[in-house]
Amino acid sequence: MQHEFKVIKETTDLKGESYELETGKWARQADGSVVLRWGDMVLLANATGAKNAVEGLDFFPLTVEYREKFYAAGKFPGGFIKREGRPTDKEILTSRLIDRPIRPLFPDNFTNEVQVFVTLLSARKNYSADVHAITAASAALSISGLPFDGPVAGVRVARVAGKFILFPSRDEIHASDINLALAGTAKAVTMIEGSADEASEEDMLAAIQFGHKEIQRLCALQEKLRAAAGKPRMAVPEKPDHSALIQKIREMGYADMKTANAVKGKHERQAAVDAVKAALLEKFQPELAALPAEEATKQQKLLKALIDELEVDVVREQIFHEGIRPDGRRLDELRPISIEVGVLPGTHGSALFTRGETQSLGVLTLGTELHVQETDDVEGESSSRFYLHYNFPPFSVGEVRRYTGPGRREIGHGKLAENSLSAVIPDAERFPYVMRLVSEILESNGSSSMASVCSCALALMDGGVPIKAPVAGVAMGLITNGEQFAVLTDIAGLEDHFGDMDFKIAGTAKGITGFQLDTKVQGISYEIMEKAMQQAKKGRLEILAEMAKVLDRPRPQLRDNAPRISTLTIERDRIGELIGPGGKNIRMIIEKTGVEINVDDSGVVQIAAADAEAARRARAMIEGQFAEAEIGKTYEGTVRKITDFGAFIEILPGRDGLCHISKVSNQRIANVADVLKEGQKVKVKVLAIDRQGKISLSIRDAD
């Protein structure tokens, strides 16, 4: 008996093809399950929520997982065990891309566990599924009955030859000078991630507005699906009214909290604030003592939460009413900056960048083609000659905790810094090195990813990498109550935690190269976005000026300990000659000179050596092997073989010619061996080269 499914589908057109959201057939035990189809692309998004809240949580326990199956592209997973393993960096970055726009759209007091799982089941050639995964996840949440205030949709915008393109192919992205992933509701943009080639603030804003129109269209498609297939919305208990208790806490502690908030220094301020909180809680102890034990415990927990809220209110109100931040800065003021370069003599380039209580150690390592970062996923194999890794150890915030290596946050921050610097990295023809940057966060009090951009740009210049221009980054914050707003430059950790926006912008003096926006509110206006961009530009130029005081351009030469790399090109059909049978010839050159040699399929030969003389000798050997003999030219040759009729003499690597017995000497000789010995060095002149390439030589005429 055939199973009957109640399938509900909503469809629109996207780039001339059907774009479908379907529910009712697949994964029906999830609270919400949606299949997104666009051409060959098929994504399955499932949203599931726990029925009961987790007591005592002060955060929303949402987890987002994105996975790409190799079978989606008709491929086998690499490695010995032929199955997918731990998530790749791309899957982790896409999981973050989905999480960031949907998280703010749940009620503040909702603490039920929610998991969103998106799987790429079928891939579309030359297109990434990342932003479509945002739309699929939102559609699944929208019909699930969970208290999700969406929908949201994801789009990608690229600018190619001055024209904006929606959902560009990978080839179009490669040719673009602006590449943005956007997410938002029908009302506002809530998340941005992208890079640019020194784009202006005006052009970036235009790209965002262009993409938001498509977001609105895809949100309308999800609304149709929710109307047709959505489950009843889960009830969320209303927040209890604690207004009387909140007012009492304000009257008892506002002045003291304001004084503590003005203490300079992250740890000093926190100690002062904690002391005020403890004193406030102590004032309520007589009341708590009169309550039954269980009720007293609950009331004490509530008091702690409301006293914490007093700190938030003091910070936000002081910014609104006085224009003063917790550390005493103006809204557009940077923290003090300190810069040192060349701090690690054994590395190829290094810099220590400190801004306030955030400190990044940027370190450069130069290598050869053997050190490229290889990637194998459903989009195919690729390699990167520039990459950046970000590390955030517990000591950077004065904590003790288990350290298991980079997590999602570290991978995301590293990628943002990498994207911000990519636009200024020289191409392989100009600088044939592989470049690895590492940002070690030694202190953190906000904006460590942007400090990484600064330290790593300085490390590149310290190492002599001819970057196009220095790059700096700054994180912008927002405090808003719906009617008024304040934009903050160079936010500290406290302002990030208590604020409504984290807007990171990196770039050169000319324009923007890296861009990331996250909000805790349901989107921000273009007015706020434009003000944040212009204020960030001012801050970025100030940081670049401070960097220029220490190092304003790349050093003219590499460090002495950096490898020396040179390149030359040979004909593709002669690559085998260079390598030799079983690699014999190339191994001989490597053994004689001590260099590293890499040859690609196009015939580009890369020579890397610890010193310039070794590289010169290796290059001369390769060039000599592929040099052509010239008639009338004299060479110093080596006798390789003696016969009755003459001697075969090598004049170029791998190129022998015959010196007939009559051309060996000015005197008549009966036996060539009487005059020459194998291995002997002699001067010879090229007399002729026939059609088959055979070379006739003369020792007699060389003089």
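**Terms and their grounds**

Analyst: Three strands make up an open sheet, in the order β22-β24-β23, with antiparallel pairing. In that sheet β22 (564-569) and β23 (596-599) are the edge strands, each with a single partner strand, so one side of each has no neighbour in the sheet. From one strand to the next the twist averages 20°. This is a predicted model, in which local features need pLDDT of at least 70 and side-chain atom pairs count only at pLDDT 80 or more, while totals for chains, interfaces and linings use all residues. Residues are numbered from 1 along each chain as its sequence is written, and side-chain values use heavy atoms, with hydrogens and water left out.

User: What makes the angle between helix α15 and β24 a defined quantity?

Analyst: Axes are lines fitted to C-alpha atoms, for helices over the stretch in contact, and angles run from 0 to 180 degrees between N-to-C directions. Contact means heavy atoms within 4.5 Å. Helix α15 (residues 612-626) lies across β22, β23 and β24, and runs at about 150° to β24.

User: Which strands stand at the edges of the five-strand sheet, and why is one side of each left without a neighbour?

Analyst: The order of this open sheet is β11-β12-β13-β17-β16, and its pairing is mixed. The edges are β11 (337-341) and β16 (386-391); each has a single partner strand, so one side of each is left without a neighbour in the sheet. Here the twist averages 15° from one strand to the next. Five bridges join β11 to strand β12 (residues 349-355), and these strands run antiparallel. Val 341 stands opposite Ala 351 in β12. Helix α10 (residues 448-462) packs on the sheet and touches β11, β12, β13 (358-367), β16 and β17 (434-443), its direction making about 145° with that of β12. Helix α12 also packs on the sheet, where it touches β11 and β12, at about 35° to the direction of β11.

User: How do you know that the length of α12 is close to the expected one?

Analyst: The expected span of a helix is 1.5 Å times one less than its number of residues. Helix α12 (residues 526-550) has 25 residues and reaches 36 Å from its first C-alpha to its last, close to the 36 Å expected.

User: Why is Asp 500 called buried, and why is Lys 258 called partly exposed?

Analyst: Buried means under 20% relative accessible area, exposed over 50%, and partly exposed in between (1.4 Å probe, protein chains only). Asp 500 has 9% and is therefore buried, whereas Lys 258 has 32% and is therefore partly exposed. Asp 500 forms a salt bridge with Arg 316, the closest N and O atoms being 3.0 Å apart. Arg 316, at 15%, also counts as buried.

User: What makes a group of residues a nonpolar core?

Analyst: A nonpolar core is a set of buried Ala, Val, Leu, Ile, Met, Phe, Trp, Tyr and Cys residues joined through side-chain atoms within 4.5 Å. The largest has 134 residues, of which Val 116, Phe 503, Phe 515 and Met 529 touch the most other members. Apart from it lies another core, of 19 residues, among them Tyr 635 and Val 664.

Notes. Salt bridge = Lys/Arg side-chain N within 4 Å of Asp/Glu carboxyl O. Pairing = 2+ DSSP bridges. Helix = DSSP H or I, 4+ residues; strand = E, 2+ residues; numbered from the N terminus.
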